[in-house]
2 protein chains.
Amino acid sequence: MKITALAGGVGGAKLAHGLAQILAPEDLTIIVNTGDDFEHLGMYICPDLDTVCYTLGGLANPETGWGRVGESWNTISNVEKLGGPAWFRLGDQDIATHLERTRRLKEGQSLSQITKDFCKAWGIQHTVLPMSDSPVRTMVDSEEGELAFQEYFVHRQCAPKVKGFRFDGVEAAEPVVGAKEAIDRADAVVICPSNPWVSIDPILRVIKKIDKPVLAVSPIIGGKTVKGPAAKMYEELGIEPSSLAVARHYRTILTGFVLDNADSAMENEIKNLNVKTLVTDTLMNHLTDRTRLAKDVLHFIGSL
Amino acid sequence: MKITALAGGVGGAKLAHGLAQILAPEDLTIIVNTGDDFEHLGMYICPDLDTVCYTLGGLANPETGWGRVGESWNTISNVEKLGGPAWFRLGDQDIATHLERTRRLKEGQSLSQITKDFCKAWGIQHTVLPMSDSPVRTMVDSEEGELAFQEYFVHRQCAPKVKGFRFDGVEAAEPVVGAKEAIDRADAVVICPSNPWVSIDPILRVIKKIDKPVLAVSPIIGGKTVKGPAAKMYEELGIEPSSLAVARHYRTILTGFVLDNADSAMENEIKNLNVKTLVTDTLMNHLTDRTRLAKDVLHFIGSL
């Protein structure tokens, strides 16, 4: 089976990692959100892309789900001593990724080419693609005005209430070479358990059209997210956060939907959206959970 | 006594450190070469300025004389793994200096303002001034063509034979605010034992005119340099490397000259240049050596 997965950061990276345990390199392509990308301390930082790559490469910090394992913090602590911005916690190993990426971008290399080279250096065999080589910037419309995503997400720790989102540059952004081809080759597209508003929507806006069965895994379990502000965003936008809300979010493109056992009570309502369902354990604490969920998802796709 | 010192990297930093042990903060200003500055991995790096500041702040690596004590190398080793340029060995703590400096420069702050703030953060009380806020770039005319200084110095490890030097931008470069004033206030200007060709000449070219007694400490002992390519440069330019050669180099501005005991045989020839001399032990291995040489230099100035 050939799969193209759409992923944001931590949750998306975990399912992508699970899929990579089962599928051969040529059978899995992961298209990653770049709407969270930003420039900081002169470096071009791609948080979701790096989380996916670090996870697939076995380099991720298992405690946080983001950043590098065995990380040191000597640079950022010295930036702080000099009075510089230290709110975005960049580890020493992680900074290497941003410095070298920035250097290559300034040389005129594309983000997709750089990502390909980095994956090779990190021993990642499956294909990881940034959604676009053109900048797309997720802007959060909040009660305190419009905020750049990382300003909202990390610096303000999601405190300002959201009113909506804007993806600056998305109209002009083309998918990277290979993204549409990977979808055309795939048996199905899997939307990983990432934030629908700010991780998956930007990818869908760039990809525009998917002529394949689309299956989504709910990032909301029992009305809450494992990590990140998706549930809080639904609430602030006047929608009760739930698996049902996520299924409704994707309803126009959805063939199948995977929800957690904790949410089995809303399975029928989701089926009423004309969507096939799978109820299973979707929490991914360990690699074995990731692989098991990936296996469930692939079986489910096979049965559609 | 009020002193303004001119310094390059390691050797200059050591004598400046010695002078700082004796002179009160308001009585010592150190003007530092910025001709070695360059951009690397997107960061603006000032090797001589950082060596002087790290040394004065007690942050320098005592083994190398440059870089930070207790340094780690997690960023650069990961840049190397990604196939990026690792020939300039940047430590993790050191990178913080370059990142934050670059961030502030891009915000429009001047190098002198940034240096002032950094010195405060590092607990440095004496005044350290970059020679100019405008870029001056030392270019090495070599048998392999013209090379940017760090390309010659670090990447090529001074292998190409030099034919001359050019200080790109020096005509337009003004001294920073406070540099001429410090010289006007000083009883004497001390040229530290730094490379005459590539550390001191750029400063002298920017400062242009010194209406004060000028005293230089030879960076060459027994025909050799403690560190760096000064002796090799003299040879390649057809001049026998010696204290005498250094005194001749500065003769048009020189009042006094400090040479090592090892070179006492050439004291008379230096005196014949109409220059007062002091023969003493100029090697600075430990802080006590630095302070002793500084004391000798100050006594010598008092006697002129």
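Let's start with one residue: B:Val297 sits in helix α12 of chain B, residues 287–303. Helices here are DSSP runs of H or I of at least four residues, strands are runs of E of at least two, and both are numbered from the N terminus.

A word on the model. It is predicted, so local features need pLDDT of at least 70 and side-chain atom pairs count only at pLDDT 80 or more, while totals for chains, interfaces and linings use all residues. Residues are numbered from 1 along each chain as its sequence is written, with chains lettered from A and ligands numbered from 1 in the order in which they are written.

Back to B:Val297. Is B:Val297 buried or exposed? It is buried, because 27 other C-beta atoms lie within 10 Å. The cut-offs: 20 or more such atoms within 10 Å is buried, 12 or fewer is exposed, in between is partly exposed, with C-beta atoms placed from the backbone. Leaving aside residues up to four places away in sequence, B:Val297 touches B:Val190, B:Leu215, B:Val217 and B:Val258. Contact means C-beta atoms, placed from the backbone, within 7 Å. B:Leu19 is 278 residues from B:Val297 in sequence, yet their C-alpha atoms are 8.9 Å apart.

Next, the helix pair. α1(B) and α12(B) pack at about 75°, axes 7 Å apart. That makes them roughly perpendicular; the class covers 65 to 115 degrees, with under 35 roughly parallel, over 145 roughly antiparallel and the rest oblique. Axes are lines fitted to C-alpha atoms, for helices over the stretch in contact, and angles run from 0 to 180 degrees between N-to-C directions. Among the contact residues are B:Leu15 and B:Ile22 of α1(B), and B:Leu293 and B:Leu298 of α12(B).

Now the sheet. In chain B, 7 strands form an open, parallel sheet, ordered β5-β2-β1-β9-β10-β13-β14. Strands pair if DSSP finds at least two bridges between them. The edges are β5 (127–130) and β14 (276–280) of chain B, each pairing on one side only. Strand to strand, the twist averages 20°. Helix α1 of chain B, residues 10–22, packs on this sheet, touching β1, β2 and β10 of chain B, at about 160° to the direction of β1(B).

Last, the two chains. Their contact takes 23 residues from chain A and 24 from chain B. On the chain A side, α4(A) gives the largest share, 9 residues.

Technical notes:
Contact = placed C-beta atoms within 7 Å.
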